[in-house]
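Subject: Structure for you to look at

Dear colleague,

I am passing on the structure we spoke about, and below it you will find my notes on what turned up. Please keep it open while you read, so that you can follow each residue as it is named.

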Amino acid sequence: MSSIEELSDLMRTFVAERDWAQYHAPKNVAAALSVEAAELQEIFLWRSLEDRADDRRQDVEDEAADVLMCLLNLCNVLEIDLDAAFRRKLEGARHKYPVERVRGRREKYDEYDEWDPST
Ligand SMILES: [Mg+2]
């Protein structure tokens, strides 16, 4: 069992113990995920690019955990194998952004000259 599966099971149990699945329509859980991501982003709002918000480290950790909880819950609701989805997307990103072309560059692939990522 992967760590993702273990965390998904913990989240599933947490929801089941409280009988909250009845409130977890995908629309609501996806919205909750977005709200938690915004709460994480708010911590860094108006800070400099270099500022790691070390003075609010616990808040950053809490919001990061909230984001993960909501994501795991959404995947449980929709019966998504997050481990498999992550690995599939990472493999796609490896193909789309080959190291020899993108290392040290931040442009999107469609901004490169003469590069067709589909080939
Ligand atoms: Mg939160």
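To begin with a pair of charged residues, Asp-54 forms a salt bridge with Arg-52, and their closest N and O atoms are 3.9 Å apart. Please bear in mind that this is a predicted model. Asp-54 counts as exposed, with a relative accessibility of 52%, and Arg-52 is likewise exposed, at 59%. As a general point, side chains of opposite charge can pair when their charged atoms come close.

The structure holds ten salt bridges, and another of them involves Asp-51, which sits in the loop between helix 2 (26-44) and helix 3 (57-77). Here the side chains of Asp-51 and Arg-47 meet, with 3.2 Å from N to O, and the pair also counts as a polar contact. Asp-51 is partly exposed, with a relative accessible area of 30%, and Arg-47 is partly exposed too, with a value of 26%. The side chain of Asp-51 has a further neighbour, for one of its polar atoms lies 2.7 Å from the backbone nitrogen of Ala-53.

A further salt bridge joins the side chains of Arg-87 and Asp-83, at 2.6 Å from N to O. These two residues are four apart in helix 4 (residues 82-96), so about one helical turn separates them.

Is Glu-63 buried or exposed? With a relative accessible area of 15%, Glu-63 is buried, because that value falls under the 20% limit. Asp-66, by contrast, is partly exposed, with a relative accessible area of 25%.

Conventions:
Residues are numbered from 1 along each chain as its sequence is written. This is a predicted model: local features need pLDDT of at least 70, side-chain atom pairs count only at pLDDT 80 or more; totals for chains, interfaces and linings use all residues. Side-chain values use heavy atoms; hydrogens and water are left out. Buried means under 20% relative accessible area, exposed over 50%, partly exposed in between (1.4 Å probe, protein chains only). A polar contact is a pair of N or O atoms within 3.5 Å; within protein, one must be able to donate a hydrogen and the other to accept it, and residues adjacent in sequence count only if both atoms are side-chain atoms. A salt bridge is a side-chain nitrogen of Lys or Arg within 4 Å of a carboxyl oxygen of Asp or Glu.
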